[in-house]
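Me: I am new to this structure and would like a close look at a single part of it. Please keep the account plain.

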Amino acid sequence: MALNLDSPVGELLDTPATRAVLDRLMPGFSTSPKLAPAIAMRLSLRTVAKYSGGLIDAALLERTREAIDAAQGEAAADGAGSGAADAAAAAAPAPARPAPAPFPADEPRLRGYHAPILLEGDVSHVPIDGAFPRELVGTLYRIGPNPQFAPRGPYHWFAGDGMVHAFRVADGRVSYRNRWVRTPKWRLEHEAGEGLSGAFGNPLWSDPRIVALDSTVANTNVIAHRGRLLALEEAHAPFALDAGTLEPLGEETFGGRLAGPFTAHPKLDPTTGETIAFGYSTRGRFSPWAQVATIGADGAVRRPLDVELPFASM
């Protein structure tokens, strides 16, 4: 089916609201070179209209439907009906998924002050009671467990997905941004639309994919290193973030020289800029081996020392 992007279809595609909705429903859709066949499906148009919140002009949608009708008629006349049928099948909606389970009401670490924040956002101008000195410039980062979905089975505070909060102070003003740390576990559950894990990947409760993934939750501490942030927990390698946007940069193994887990509480030498850290069970879970290492300000691992302990220990 050939659709002219200068027609109302192209006009619809150039609507920022349309692109935003399509990108939310089908990531990367607005930059795909195959826009015309996909947008031609009436189902897609109905979906766009449903989720646009009234941002897309109804008259423009109607003109687009008319252009699609004409294009579909031409395609049938050219014997391209099978191609249109294939495209229609590809655009068919996935089976409806049930809503995620609610958070347990009897778990005190998921209620009140400890209840998870289920929104990510930005506040450009945070109201201030009093005044900040204009000379005070910098960013305060904090991190903590903030599960994206209700857990399977019993919950442990250490097992919630990490969320980073950034408070930026400058010129007597404060701005705020928060983001989940998009670890492999967070991404897998986000795509599934539900919690898939028990505490610490307990195989009794966890989906086998979570167990095989063995992902960090990156929820205990956050430090600055070489212009980036490192989100830390005790059982895995650090997870790097952009210090400004808080977007994920992936696991940090310092050029592959990091052996196994990395402590959530490394120490910084303010004179040399070196970071002193250790990791336990570096030769497999519950192994009695630990590694102590110094990481230079340039990111190079220096003086790694493997130590055999009397027994496995955290």
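What covers the buried residues of α7?

Reply: This is a predicted model, in which local features need pLDDT of at least 70, side-chain atom pairs count only at pLDDT 80 or more, and totals for chains, interfaces and linings use all residues. Residues are numbered from 1 along each chain as its sequence is written, and side-chain values use heavy atoms, with hydrogens and water left out.

The cover of the buried residues of α7 includes β4 (173–180) and α8 (208–213). Cover here rests on contact, meaning heavy atoms within 4.5 Å. Helices (H or I, at least four residues) and strands (E, at least two) are DSSP runs, numbered from the N terminus.

Helix α7 spans residues 184–192, and its buried residues are Lys185, Trp186, Leu188, Glu189 and Ala192. Buried means under 20% relative accessible area, exposed over 50%, and partly exposed in between (1.4 Å probe, protein chains only). These five lie on the same side of α7 because they cover an arc of only 165° around the axis. The arc is that of the directions from the helix axis to the C-beta atoms. An α-helix has 3.6 residues a turn, so residues three or four places apart point the same way.

After α7 comes Gly193, with a positive phi near 75°.

Elsewhere, the largest nonpolar core has 13 residues. Such a core is a set of buried Ala, Val, Leu, Ile, Met, Phe, Trp, Tyr and Cys residues joined through side-chain atoms within 4.5 Å. β6 (228–232) and β11 (289–295) each supply at least two residues of this core. Val292, in strand β11, is partly exposed, with a relative accessible area of 35%.
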